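Open the model in your viewer and keep the selection tool at hand. The tour goes stop by stop.

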Amino acid sequence: MSVNLPVQSTGALPTVRRLVLYILLFTLVTLAAVGAAGLLGLLFTSGSGDDPGRTDNLARSLAFVIIAGPLALLLWRSLAKRLLDSFESAALAWGLYVAAMYSTSLVVASTGLFSLLGKLLSAHTQGWAQDLSTALIWAAVCWWHHQMWSDPRRSPRSLPNLPGILASWYAVILVATATVSALVMVFSATIDSIFNNFSAGSPWWRGALAQLPWIVGGLALWWWHWTRKHMGMVRGGFSDVALVLLGLLAAGAAALGGTGYLLYALGRSAVHGTDAQSLSPVPLSLGAALVGALIFSLAWQELGSRSVETTSAGRLVSAGLGLASMASGFGVCINALLAALTPPLAGDRGIDLLLAGLIWLVLGSLVWVWAWRPHKPADPRGRRVYLVAVFGASAVVALIALLFAGFRIFTFFLEPGTVASGLLDSVRAPIGLLTATLLVAIYHFEVWRSDRTLIEAAEPASSGTIESIILVAGEDSPEISRALGSMTGAKIQVLVRAGEGYQASADDLTAALDAAETQSPRIMLLVEGAGSVRVIDLA
């Protein structure tokens with residue numbers, strides 16, 4: 001008689017096994033792809049067999065392909081059979097592997113292809129063989145993992161949209177950086193033509209033209225994943241996190257930083273005179289400001305279609321950007337005012353500091369007022385995490401400023417012969433930073449106290465003295481648990497019955513509590529049938 005033992009699919013051991021196997025598969029596929037790209041690159045180029053560098057590359061590529069390639073295929077054959085089991089395809093490790101390998105192969109293949117096309121457009125052919133071989137091999141790896149991702153039998157059930165989300169935002173980053181690079185070249189050529197009537201060298205448009213494959217290719221990748229793969233329709237989870245962190249935080253920082261540095265460069269030119277050297281920061285700052293503002297505006301429009309929580313998070317992140325700029329500008333202004341009291345550093349440098357501080361203070365204030373909306377009521381629950389983050393950041397900045405100021409003060413007293421102006425000059429930067437940080441902390445502490453008062457006033461009154469409820473039912477329903485907790489004011493713990501079980505509505509559960517008229521602070525609600533609830537007092 002044979003006994004078929006079930007394969008363990010849950011627990012610590014299967015989780016560790018999956019992690020080890022998928023990490024091993026990732027490593028083997030990467031080594032095999034690197035070796036195959038190396039062999040293909042050597043095939044495209046001619047060289048002497050006596051060249052030691054070529055011989056080493058050939059030996060390394062052969063070792064990677066011959067050893068890692070078959071092992072990767074054997075391991076994948078074993079894993080492919082396992083993935084037909086729903087437990088295996090639903091494992092988190094499988095979803096992470098597909099996302100990591102698909103994203104890695106897409107990045108390597110696209111950068112190799114776009115680099116090759118950019119070199120050809122700018123009339124450079126050096127390294128074309130390696131770029132072409134890298135693009136071909138890694139494109140094949142990307143296609144292979146795209147098939148895994150699209151296979152209805154083996155596609156990941158955990159994090160199923162993560163590969164497409166990562167690819168979409170990678171394409172956005174690719175287009176943004178290439179566009180900024182092209183704009184920098186155009187703006188630099190414009191400034192050069194004004195002051196120098198074009199300096200000698202290669203035509204400026206070749207560098208800008210080399211960015212065209214990156215821009216067009218990145219847009220194509222974004223369109224494919226965002227529209228054809230329907231990543232633009234995904235809501236919640238990592239999709240919303242990426243939108244807030246990349247579309248709003250990163251793009252907003254680029255727009256705000258580029259705008260501030262642009263105004264500072266133009267202001268210094270107006271004060272000290274305009275020449276090509278004083279305008280050298282303008283191309284990069286202007287390009288970053290334009291591209292960052294465009295992406296931020298598009299992400300802000302997209303934010304309107306997301307949940308209320310995501311919209312609130314996006315607004316708070318934008319407010320945090322403005323707050324950081326405003327606090328930094330205020331600290332720099334304090335620094336500039338203290339610099340006026342130290343004659344060796346007074347004059348132009350103090351004017352530059354004050355100019356920079358005022359620019360960041362005004363820009364940050366405008367962004368902060370627009371995003372924070374202090375004149376309008378807000379949901380106090382939605383910004384508690386933001387306030388805690390502000391307190392934490394303020395504490396870190398204040399600690400660093402205090403340590404730096406203490407170091408400078410002790411150095412002043414331990415080194416005889418130092419004038420008092422030297423002490424003030426050495427501590428004015430941390431003093432300005434500490435002052436701005438304290439003001440930020442004081443304001444947000446008052447907001448915290450006000451929000452806490454509102455939350456306590458809005459807490460629903462408890463229907464009795466019940467502190468906690470253990471609900472034993474056929475399934476765990478978060479909606480019913482939340483409704484029961486809101487009606488009773490108690491903490492809810494759900495235990496799922498084995499085998500066939502029943503589920504009652506929140507109204508049935510509260511009706512059973514009212515009928516029992518229990519006075520115990522801890523209650524068990526046992527769902528025994530459809531609409532049948534037993535109330536058990538616990539010690």
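**Stop 1: a loop residue**

Select Arg373, which counts as partly exposed at 32% relative accessibility. Arg373 is in the loop between α12 (348-372) and α13 (384-414). Check the backbone there. The phi of Arg373 is near 50 degrees, a positive value in a residue other than glycine.

Keep in mind that this is a predicted model.

**Stop 2: another positive phi**

Go to Leu159, in the loop between α5 and α6. Leu159 is not a glycine, yet its phi is positive, at about 55 degrees. Is Leu159 buried, exposed or partly exposed? Its relative accessible area is 34%, so Leu159 is partly exposed.

**Stop 3: the whole chain**

Zoom out and colour by secondary structure. The chain has 16 helices and four strands. Of its 539 residues, 40% are buried. Now show the surface. The accessible surface of the chain is about 29,100 Å². Carbon and sulfur atoms account for 68% of that area.

**Stop 4: confidence**

The chain average is 83, and 88% of the residues score at least 70. Which helix has the lowest confidence? That is α15 (residues 478-488), with a mean of 72. Confidence is highest in α8, at 94. Then select residues 1-7, where the pLDDT is below 50. Beyond near neighbours in sequence, this stretch makes zero contacts in the model.

**Stop 5: the largest nonpolar core**

Hide the surface and show side chains. The largest nonpolar core holds 53 residues. Select Trp76, Trp94 and Tyr97, which touch the most other members. Next, pick out the elements that give two or more residues to this core: α1 (12-44), α2 (52-82), α4 (92-121), α5 (128-150), α6 (162-195), α8 (212-228), α9 (238-272) and α10 (282-303). Which element gives the most? Helix α6 does, with 11 residues.

Centre on Trp94. Leave aside its neighbours within four places in sequence. Trp94 is then in contact with Tyr22, Trp76, Leu83, Glu88, Ser89, Met148, Arg154, Ser155 and Pro156.

A second, separate core comes next. This one has 16 residues, including Ile469, Ile480, Leu513 and Ile523.

**Stop 6: a nonpolar surface patch**

Bring the surface back. Select Leu166, Ile173, Phe238, Val241, Leu245, Leu246 and Leu249. Together they make a nonpolar patch of about 530 Å². Both α6 and α9 give two or more residues to the patch. The largest share is from α9, with five residues.

Pick Leu245, in helix α9. Leu245 has a relative accessible area of 44%, so it counts as partly exposed.

**Stop 7: a buried asparagine**

Finish at Asn335, in helix α11 (residues 308-339). Why does Asn335 count as buried? Its relative accessible area is 11%, and buried means under 20%. Now show what surrounds the residue. Not counting residues up to four places away in sequence, Asn335 touches Leu353, Arg428 and Ala429.

Conventions
Residues numbered from 1 in each chain as written. Predicted model: local features only at pLDDT ≥ 70, side-chain atom pairs only at ≥ 80, totals over all residues. Heavy atoms only, no water. Core = buried A, V, L, I, M, F, W, Y, C linked by side-chain atoms within 4.5 Å. Buried < 20%, exposed > 50% of the residue type's maximum accessible area, 1.4 Å probe, protein only. Contact = heavy atoms within 4.5 Å. pLDDT = per-residue confidence, 0-100. Patch = residues over 30% accessible without salt bridge, like charges linked within 9 Å, V, L, I, M, F, W, Y side chains within 5 Å. Areas by Shrake-Rupley, 256 points an atom, 1.4 Å probe, with all protein chains shown as cover. Salt bridge = Lys/Arg side-chain N within 4 Å of Asp/Glu carboxyl O.
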